Amino acid sequence: MDKSMDETNLSIQVLLEALSKIQFKFSKYFLKFSRTLIEERQIDELDNDWYQYLEYGTTDESVIWLEQLGYSRSNAIEIVTNKIEAIVTDSQGDKLVLKLIHEMHNPEIERETERIMMNYPDSFVYEG
């Protein structure tokens with residue numbers, strides 16, 4: 001039984017490494033494709049940027065934005081799916097994180113938030 005578990009773990013590791021290489025190659029392809037389209041169309045960003053979807057592992061723009069701020073993928077997903085509405089959009093269309101994020105009672109998210117607030121204080125506001 002022990003030997004078969006080792007073989008199973010090895011098979012899973014090999015598969016994950018292969019998938020990672022495939023994702024990396026697709027990501028590089030879509031990065032070049034996105035840059036070319038942006039340059040040709042003379043725009044700032046694409047509405048449907050598959051490079052970002054591969055890079056961040058999601059199509060949810062709020063999760064991508066939180067990851068770009070510095071949150072880990074799992075914490076970004078938790079913030080977006082939590083019942084506390086932690087993300088708002090201001091009158092100019094910019095996303096902001098409400099400082100009530102501490103109400104989620106997740107010490108890891110609180111630590112990340114404190115660190116990110118030092119680098120991006122303008123991305124956080126108090127509710128009201």
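The conversation below takes up aromatic rings and then a helix.

Guide: This is a predicted model, in which local features need pLDDT of at least 70, side-chain atom pairs count only at pLDDT 80 or more, and totals for chains, interfaces and linings use all residues. Residues are numbered from 1 along each chain as its sequence is written, and side-chain values use heavy atoms, with hydrogens and water left out.

Visitor: How many aromatic pairs does a search of the whole structure find?

Guide: Rings of Phe, Tyr and Trp (its six-membered ring) pair if their centres lie within 6.5 Å; planes under 30 degrees apart are stacked, over 60 edge-to-face, and the rest tilted. The search finds four such pairs. The ring centres of phenylalanine 26 and phenylalanine 30 are 6.5 Å apart and the planes lie at 25°, so this pair is stacked. Both residues belong to helix 1 (residues 2–41), four residues apart, about one turn of the helix. Tyrosine 29 and phenylalanine 30 form an edge-to-face pair, at 5.2 Å centre to centre and 75° between the planes. Phe26, Tyr29, Phe30 and Phe33 form one aromatic cluster.

Visitor: Which residues are buried in helix 5?

Guide: Helices (H or I, at least four residues) and strands (E, at least two) are DSSP runs, numbered from the N terminus. Buried means under 20% relative accessible area, exposed over 50%, and partly exposed in between (1.4 Å probe, protein chains only). In helix 5, Ile109, Glu112, Thr113 and Ile116 are buried. On the other side of helix 5, Arg111, Glu114 and Met118 are exposed.
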